[in-house]
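Trainee: Could you walk me through this structure and tell me where its labels come from?

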Amino acid sequence: MLVGKHLASECREVLYSTSTIYQCTDMASEDLHAISADWLKSLEVASSTGDAMSFVSHFLSDGWFRDLLCFSWNHRTLSGREKIRGFLMEVVDGKSRLEYSSLRDFKIDDHTINAPSPFKLQGIEGVQGAFTFSIANPAALGRGFFCLTQDADGKWKALTLYTNMQDLVGYEESFVDQHGLYEDRKITWEEDVDAKFRAIEADPTVLIVGGGQSGLMCAARLRMLGIRALIIEKNARVGDCWRQRYPNLTLHTPAYQSSILYSPYPTNFPKYIPKGKLADFLESYAINQELCTWLSSTIISTPIYDSSSARWTIEVQHGDQKVILNPKHLVLATGSGSPHIPTWNGMDEFQGALYHSDFHKDAEQFRGKRVVVVGAGNASGDICQDFIAHGAAEVTLVQRSATYVVSSAAMEKTRFKPLYPNNTPIEELDFRSNSMPLAFLLQLTKSGGIQHMKMLDKELHDGLRKAGFNLTWELSPGSGEVGLEAFLFSRFGSGTMLDIGCGQLIVEGRVKVKQGQDISHFDKGGIAFKDGSKLSADAIVLATGNEPIMKTTRALLGNEITDRLLPPEVWGLDSEGELNQTYRPSGHPGLWFAVGPFGTARFLSKHLGLQILARELGIA
């Protein structure tokens with residue numbers, strides 16, 4: 001790419017999810033501002049006049065455009081001028097999308113960490129920055145992010161452009177009662193919360209199924225938008241979805257990156273938060289955010305949707321009472337699915353302990369015993385470590401397919417710390433991280449972005465191979481090497497190990513590996529493989545992952561509703577590179593899915609809230 005000499009300067013590493021960007025520190029800010037302002041002013045003219053041809057001319061021929069809710073009530077990613085133009089020329093109420101939405105009032109955002117700055121991305125150099133704008137239809141405020149570079153003629157064009165709805169005008173997130181005074185001191189805070197809870201329970205606009213981090217953050221977001229949301233949680237306490245998991249579980253991502261909406265963790269929390277501490281924090285979060293939550297509550301019959309009233313009829317077992325609720329919206333925040341338990345002949349003959357990793361509780365009882373763990377992902381690694389720590393005589397990991405392995409140290413150096421540095425507003429980091437189209441990021445990793453990560457873990461990978469552990473960086477054979485994020489977005493992380501110690505145990509031979517042979521059957525003493533070999537065991541743990549979310553959905557909602565959903569799955573990437581059905585229209589009115597890591601819920605809960613609010617206002 002052609003770049004002016006003034007862009008050459010000493011640079012430091014900054015990351016956008018899967019890709020390394022170098023942000024230079026010795027640039028003249030007035031040059032950056034001038035480049036950004038000139039391009040943005042010209043783009044605004046095209047936008048405000050509805051000139052789609054001019055609008056797309058501001059992109060490279062193979063540039064990328066990601067839009068969240070500004071031009072449609074959906075999440076869209078387009079690549080190439082023709083596809084971008086085709087999207088903007090689609091007709092809405094007799095006008096093109098570009099003319100109808102009429103984005104205008106573009107202003108460079110100079111007052112945040114996302115002010116104009118230079119970048120370098122795998123040999124591409126340019127200027128990046130945030131800007132604000134207004135939307136005419138619906139009346140809304142937006143924020144965007146651009147990455148500009150020069151084309152062959154030296155003209156500044158968008159490598160990527162991101163437009164994001166921030167708020168509907170007149171319905172911005174409310175931060176009232178900052179002084180803790182209610183109705184001019186006529187009632188107390190406790191009385192105010194109780195009255196609000198009773199109103200929610202009498203007529204919830206939104207019913208959220210699942211009180212984990214996704215459900216809680218969605219409820220907190222909806223509350224700030226003035227929408228009545230009721231959470232039902234099957235467990236006896238908020239946080240039990242974490243509290244009841246295996247004992248040595250911690251978050252595999254740093255605390256700051258896994259922050260909770262509106263409520264960062266205390267600065268003296270561990271970098272990798274233990275599951276019990278996280279569970280207690282979520283429990284306190286529900287209280288502090290004033291979230292109306294019914295515990296020990298489940299849906300007990302198939303929900304019915306009435307299209308004429310646009311309401312659900314949902315029967316809930318709430319403690320010892322059966323309650324009928326009629327919300328307008330149903331949000332499923334039920335996590336990653338129920339345990340996947342494969343079946344092999346002879347499983348009922350095995351005389352030792354046999355259970356799924358979700359039910360692993362006490363490694364100490366197997367001190368001095370032989371243990372086999374079937375599976376080679378995160379749960380398998382954690383549980384192998386637990387058995388070693390508690391003195392199991394022999395621990396063998398059965399690897400049935402190749403695994404993507406990256407160490408926490410490599411992730412810390414190349415992803416976590418640069419992308420989410422401490423003491424930087426998490427909202428700004430989330431905004432910048434989500435500005436890059438996912439499909440573009442995955443494309444970059446296939447073009448060589450993964451090599452630096454592999455180099456950092458070379459010693460670990462070499463040791464694992466010598467121990468018989470099979471590695472991969474491809475989602476499917478021959479599809480090209482990709483980063484961890486591709487496995488996360490495509491498979492919910494299945495087939496990966498973010499290593500926090502099990503890898504070294506394998507290298508040292510303390511955890512043995514059985515790889516390359518399919519399981520034939522179980523017998524009373526252990527597992528037999530198709531090559532005739534056997535593994536004797538006193539305990540076998542099936543670290544075999546979870547069922548697809550759609551399977552859980554079908555069991556809850558039945559075939560009639562589930563068959564109306566748009567793609568055949570929840571999560572995973574659609575043809576444009578957006579997450580299937582997640583925090584976006586599902587294909588069935590009034591039905592939404594809220595799943596994924598902490599950062600996904602923290603950011604996209606706003607977009608879910610805006611879509612629900614727009615439907616309540618009759619503008620979507």
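This is a predicted model: local features need pLDDT of at least 70, side-chain atom pairs count only at pLDDT 80 or more; totals for chains, interfaces and linings use all residues.

Mentor: Residues are numbered from 1 along each chain as its sequence is written, and side-chain values use heavy atoms, with hydrogens and water left out.

Trainee: How do you know that the span of helix α5 agrees with what it should be?

Mentor: Helices are DSSP runs of H or I with at least four residues, strands are runs of E with at least two, and both are numbered from the N terminus. The expected span is 1.5 Å times one less than the number of residues. For the 14 residues of α5 (189–202) that gives 20 Å, and the end C-alpha atoms are 20 Å apart, so the two agree.

Trainee: Which residues of α5 are called buried?

Mentor: D192, V193 and I200 are; buried means under 20% relative accessible area, exposed over 50%, and partly exposed in between (1.4 Å probe, protein chains only).

Trainee: What puts them on the same side of α5?

Mentor: They cover an arc of only 95° around the axis, so they share a side; the arc is taken from the directions from the helix axis to the C-beta atoms. On the other side, E190 and A202 are exposed.

Trainee: What makes β22 and β25 a pair?

Mentor: Two strands pair if DSSP finds at least two bridges between them. Five bridges join β22 (residues 394–399) to β25, and the two run parallel. V398 stands opposite K514 in β25.
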